[in-house]
Amino acid sequence: MSARNTIILAAGKGTRMKSKLYKVLHRICGRTMVDHVLTQVEKTNMDNIVTVVGYGAEDVEHELGDRTKYVVQEQQLGTGDAVIKAEPLLKDIEGTTMVVSGDTPLFTSQTFEKLFKYHEEKQAAVTILTSKAPDPTGYGRIVRNDIGIVEKIVEQKDASKEEQAINEINTGVYVFDNQALFKSLHQINNNNAQGEYYLTDVIEILKNAGKIIAAYRMADFNESMGVNDRIALSKATKVMQARINQHHMAEGVSIINPDDTYIDVDIKIGPDTVVEPGVQIHGQTTIGSNCRIGANSEIIDCQLHDNVHVISSYLQESEMLDNSDIGPYSHLRPASVIGPHVHLGNFVEVKKAQIDEGTKVGHLTYVGNAHLGKNINVGCGVIFANYDGKNKHNVTVGDGAFIGSNSNLIAPVNIADHSFIAAGSTITDDVNKYDMAIARARQTNKPGYYKKLPYDA
Ligand code: UD1
Ligand code: CA
């Protein structure tokens, strides 16, 4: 049986990123670059996946877990040296081995699949995945002879003037006959401008050994983009962003301005939902159908059901059920569950609270560590005072209760169903069903006092 293997190169430091974070752990649309690569490799059905780690090995292993095997490259002596580290795991296997870099996050499994197919058709020892770059600077160039046969790959820093003019580039993805790969890797040296062991030198070695070298040129350069610095990171992000937004639009989501809408990979959005400009949707968020996500909202790890309306608000790790709405300028903090037909208006902050069907919290209110029943009316400027400086305490409010404006509910306290809190009250004791609680200084009027005041209007 011929096996399919992949080696992912992820040991480099990524000096050009000028970052404390290792290069392949930089994120694009919610996922690290190396995770993007691995995800597409997994979709291509591999028998063995080996990731070469070095700089930040622990962090990379923590990120990818047991989805791949690992080998360590202690010193970053070049891509050829990196691949050879996988030899102990793969050398006896009969089959085909793909090599891909952890810093080329835009490749799709369809492209990998086409590469394997082409390689098998050509019966080559190696097939290089190439593309035509609008600006090839920085990439290895594909050097072909007069009749178009690939002779070698030459790196930017080693290229002559003529070679630098070539715009067909090495994408850094190849499939090799597994055993031919490791055999030829032992013949490379580091006599080049960077003093590194280049994987790319294997091509010329195989060529000189009379093997068949094939090159499969993919149509879309963008997909092959390599990320070595922050400029490329932003370009790759743009490409991924466009791809994600196009997917959602094809599935029936209206995105008013896709250039200014930021949706992570793997987010689910139902049809007829409208996403306005400046929206960011991150993490494990799901959004139902016929929702409206208003301009500049940011939603992180939330579940929004159907017909939910979010107006310019910030939502974290919370759930909003059917026909609920929030905003403008409101904030759901983690562990909030907003029931169906609940209305949260402007400048409302909710934290770790459940609010049941039909309840309205219209304006300027903080709700924390609380359970609010159904059809409650919370007036303007109400504060659920849940913190005593040391511990958090809970407030419960029963169905149909009325919480007058500018009330403070000092936790722990329970407000029963169908009770009434008069505006301006500071509530410290439980309130029973059908009772009204009023806790504020009584008003006194002083007849004629206006005239004794310095105020004169
Ligand atoms: C490499 C290719 C170049 C190609 C480009 C495509 C070589 C010599 N050059 O150049 O032809 O056009 O990719 O994007 O292969 N790495 C290690 N160990 C090392 C060195 C690198 O694991 O010792 C890893 C890096 O983490 C990275 C990948 O290999 O993920 C590629 O290395 P990088 O230094 O980015 O190579 P490029 O200069 O981009
Ligand atoms: Ca690179």
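Me: Which backbone nitrogen does the side chain of Glu 223 reach, and at what distance?
Reply: In this predicted model, the side chain of Glu 223 comes to 2.9 Å from the backbone nitrogen of Thr 108. Glu 223 sits in the loop between strand E11 (213-217) and helix H9 (230-250).

Me: Which residues does Glu 223 contact, apart from its neighbours within four places in sequence?
Reply: The contacts of Glu 223 are Leu 106, Phe 107, Thr 108, Thr 111, Met 218 and Arg 243.

Me: Arg 243 is of opposite charge; how far away is it, and what keeps the pair from counting as a salt bridge?
Reply: A salt bridge needs a side-chain nitrogen of Lys or Arg within 4 Å of a carboxyl oxygen of Asp or Glu. Arg 243, the nearest side chain of opposite charge, is 4.7 Å from Glu 223, so Glu 223 is buried yet has no salt bridge.

Me: Where does UniProt place the feature "binding site"?
Reply: The unreviewed UniProt entry gives Asn 386, Tyr 387, Ser 405, Ala 423 and Arg 440. Ala 423 lies in the loop between strands E35 (420-421) and E36 (426-427), while Arg 440 is in the segment after strand E37 (436-437).

Me: How is the accessibility of Ala 423 and Arg 440 to be read?
Reply: Partly exposed covers the range between buried, under 20%, and exposed, over 50%. Ala 423 has a relative accessible area of 36% and is therefore partly exposed; Arg 440, at 47%, is also partly exposed.

Me: Which atoms of Ala 423 and Arg 440 lie 2.4 Å apart?
Reply: They are the backbone oxygen of Ala 423 and a polar atom of the Arg 440 side chain. Beyond four places in sequence, Ala 423 also contacts Gly 404, Ser 405 and Ser 407, and Arg 440 also touches Ala 422 and Gly 424.

Conventions: Residues numbered from 1 in each chain as written. Chains lettered and ligands numbered in written order. Predicted model: local features only at pLDDT ≥ 70, side-chain atom pairs only at ≥ 80, totals over all residues. Heavy atoms only, no water. UniProt positions renumbered as here; feature names shortened; annotations may be inferred. Helix = DSSP H or I, 4+ residues; strand = E, 2+ residues; numbered from the N terminus. Buried < 20%, exposed > 50% of the residue type's maximum accessible area, 1.4 Å probe, protein only. Contact = heavy atoms within 4.5 Å. Polar contact = N/O pair within 3.5 Å; in protein donor to acceptor, adjacent residues only side chain to side chain. Lys, Arg positive; Asp, Glu negative; His and termini not counted.
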